[in-house]
Amino acid sequence: MTKDQRPKSVAPGPIQAAKRRRQLYPFLFHMGPVALSVCSVLLIGLMALLYLSQLNQAISANNTLLALHAQESALQRQNQDLVNTIAKEQSPAYIAAQAKHMGLVPADPSTVQVVIVPHLRPIPSDDLKQRFKP
Amino acid sequence: MSQELRRARNRQMLIFLLVCFGMLILLGRLYYWQVVEAHSGHNLAQLALDEHIQNIVLNAPRGLIYDAQGRILATNVVRDDVYIEPIQFSVDHPDDYQASLAELIHSLHHVLPQVSEDRLYKDFNSGLQTMRIATRIDPTQSQQLQAMHLPDIFLVSRTWRVYPQGTLAAQLLGYVTQSDTDNQGVYGIEGQYNALLSGRPGSLTAETDLNGNPLVVGPSTEQNPVSGADLTLTINSDIQFFVEQGLAQAVKQLGAQSGTVVVLNARTGAVVAMAGYPTFDPNSYWQYANQKGCLGSEDVYFNPALYCAYEPGSTMKAVTMAAALDQQLITPETTLVDPGYITFPDAPTVYNWDDLAYGTETMTQVLEHSANVGAAYVAHNILGASRYYPYLARFGFGQPTGLHDGPEAPGYYRTPTNSPQVWTPSDLTRQAFGQSIEATPLQVALAYEAIANGGVMMRPYLLASIDNNGRDATTQPQVVRRVISARAAQLLTGMLEEAATIGLAQTAKVPGYTVAAKTGTATTQGISDSETEASVAGFIPAQNPQFVILVKIDRPQATIYGGTAAAPLWKAIAQQLMEYYQVPPDDLKR
């Protein structure tokens, strides 16, 4: 039977086999269907692991951030309390109370004596520096 | 193909088609729930988002308020409120409820002794989901509760406005209401500048975890809060404290009902101190809700310097003289005969307050003696209504002073223009010596400020500067208008100096300093003449004025006159100011 006499629906066995091989071996190396399935599952699993790892890091970072925010809030709170305490202790009422507690009495401006010195002139500052030069 | 094989293939096809049909139905339902219902109908997408996406409001910190020296007058602290979950507690302890409850209450009461155990039992039996049992606990109590990890107890933080200096300048500052939802400034600076102090809250929209904590590393949108502006006032805390202490002591010693003091910078109009008694503590403002000031007419929260209009009495004589001096109708040496009374054809007779006759006296002596006869004579016989009332307006009477643009009492007096039906010349004669006219303490102080500042009235101000997140704005002294000429101001200053040296205001004289001051003892129509508003208004040093001081004591009992009731406090404040600011003495003659 010549080539032309062969029925067209029947391809030659080796060519068909080669076609089928190309369908199943898309990569440079040979890989059967089972191996391909296993590799695919492994790859998907690896990607899932990578994703979960990234997610875990993100969550861990989030927790760290939350902890830092909480720490910042606590420090701000402490700072505000300290500012309030300082303001209280700088207040005239507190100082007066502490002074009284220590036995001090308020100064009476009416007891200030005004002494009039006639013809008093200020000493020029240059003279002062000259006189008290080390 | 054999028949059996064909039948097998047909069965395969049928099963395949059935499976495809089933898949199609599932896909259709999936499409329905994921696409159609997600964004319309039940809006499932939004419901899902609402489940795990939260919008958290980020509160803006309220701006601080400082005094002129940078000391804090108002700040913020964070304190915890304590909540319990009664229902959850009963669910968590079905078998040993009583024993666990007793232990928990004992622990709670140990940390929070202010909450009684009986009250805690009652709260736990309330049947509520959550309940607040304590508010604004101390930081040490918060730490103790957090360390104890008590079940079904949680703390919620809240920001509170606090005033570290207690009652200092309370009526100037106002207070901030503390509610669960909103904090608002009320009265004073807190009320007037509430929007500026509040800032702008921010927001954080993010997915949350099981505990409600935002997952900030996920998709989120954040708008940062804008902090409130910090305000610096012109008040000096030391002087304010001295003034408040002195005023409280004077009111108590004199058996008075209330009192007010105003201290202004004579050149700029800045408020150095402003005090009222009684006052309140803004840290516990709610305890003063029933207390009154301004002789019982206003709540104690109102600043009496701005709201308590009164009849100024003889301190107004300086204004009457200013009007006549400025129009060159009199000089300090112009004389009149004072027989102790003066009659008018169209007004009732006016008598001197002490019923004394002074004979021939100069205008300067009218102020020294605080003679009503002389003042009424100048207003009625020399000035007349048409030349007197414009000066009252120029001195700011009957108008708000414009202090931080807030509400205030404008005061009132009748004129032929505003009350043509009821005004009579009697009003003119009486207004000349400070009756039939109402003015606030700040208005009277500003009138004297204009005299002290060479005839130029400055606008009073309390806010020195604003720091709005790095953007600073400083208040500049502002001239309102020229009230009288510099020459008239100088002449009047000399007259007031004499009044303080040898007149009724002698008690206000500060050794070593020239003082220009006038006393006032005002009565109110319909009330006994022994119920007075005793006041002194003036400035120091007279020759180079630095400070204007007004002291007003309401209804003193021990002594009713301005020269004896108000002048000692005026002198003490003036001395303190001279000492504090190290103003050199200028009275070298006496």
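Q: Where is Pro541(B) placed?
A: This is a predicted model. Pro541(B) sits in the loop between strand 26 and strand 27 of chain B.

Q: What kind of peptide bond runs from Ile540(B) to Pro541(B)?
A: Most peptide bonds are trans. The bond from Ile540(B) to Pro541(B) is cis, with omega near -15°.

Q: Which residues does the cis bond with omega of about 5° join?
A: That bond joins Tyr277(B) and Pro278(B). Pro278(B) is in the loop between strand 12 and strand 13 (292-293) of chain B.

Q: How do I read a sheet, and in what order do the strands of the open sheet of five strands come?
A: Start with the pairing. Strands of a sheet pair through backbone hydrogen bonds, either parallel or antiparallel. In chain B the order is 12-11-27-26-25, and the pairing is antiparallel.

Q: Which are the edge strands?
A: Look for strands that pair on one side only. Here they are strand 12 (271-277) and strand 25 (516-523) of chain B. From one strand to the next, the twist averages 5°.

Q: How many bridges join strand 11 of chain B to strand 12 of chain B?
A: Six bridges join them, and the two strands run antiparallel. Strand 11 covers residues 258-265. For one pair of residues, find Val263(B): it stands opposite Ala273(B) in strand 12 of chain B.

Q: Which strands does helix 10 of chain B lie across?
A: Helix 10 (residues 237-254) lies across strand 11, strand 12 and strand 27 (547-554) of chain B. Its direction is at about 30° to strand 12 of chain B.

Q: And which strands does helix 18 of chain B lie across?
A: Helix 18 (residues 486-502) lies across strand 25 and strand 26 (532-540) of chain B. It runs at about 70° to strand 25 of chain B.

Q: What phi does Asp355(B) have, and where does it lie?
A: Most residues other than glycine have a negative phi. Asp355(B) is not a glycine, yet its phi is positive, about 60°. Asp355(B) lies in the loop between strand 17 (350-351) and strand 18 (359-362) of chain B.

Q: Is Asp355(B) buried or exposed?
A: Count the neighbours. Asp355(B) has 8, so it is exposed.

Q: What phi does Asn469(B) have?
A: Its phi is positive, about 55°, although Asn469(B) is not a glycine. Asn469(B) is in the loop between strand 22 (463-468) and strand 23 (471-474) of chain B. Asn469(B) is exposed, because 11 other C-beta atoms lie within 10 Å.

Q: Into which domains is chain B divided?
A: Chain B has domain 1 (3-42), domain 2 (76-164) and domain 3 (237-580). The centres of domain 1 and domain 2 of chain B, taken over C-alpha atoms, are separated by 58 Å.

Q: What secondary structure does chain A have?
A: Chain A has four helices and zero strands. Along the sequence the pattern is α-α-α-α. Of its 134 residues, 1% count as buried.

Q: How many residues of chain A are in contact with chain B?
A: 21 residues of chain A are in contact with 26 residues of chain B. On the chain A side, helix 2 (33-90) and helix 3 (92-101) give two or more residues each. Helix 2 of chain A gives the most, with 13 residues. By class, this side has twelve nonpolar, six polar and three charged residues.

Conventions
Residues are numbered from 1 along each chain as its sequence is written. Chains are lettered from A and ligands numbered from 1 in the order in which they are written. This is a predicted model: local features need pLDDT of at least 70, side-chain atom pairs count only at pLDDT 80 or more; totals for chains, interfaces and linings use all residues. Domain bounds come from an automatic or database domain assignment. Two residues are in contact if their C-beta atoms, placed from the backbone, lie within 7 Å. Ala, Val, Leu, Ile, Met, Phe, Trp, Tyr, Cys and Pro count as nonpolar, Asp, Glu, Lys and Arg as charged, and the others, Gly among them, as polar. A residue is buried if 20 or more other C-beta atoms lie within 10 Å of its own, exposed if 12 or fewer, and partly exposed in between; C-beta atoms are placed from the backbone. Two strands pair if DSSP finds at least two bridges between them. Axes are lines fitted to C-alpha atoms, for helices over the stretch in contact, and angles run from 0 to 180 degrees between N-to-C directions.
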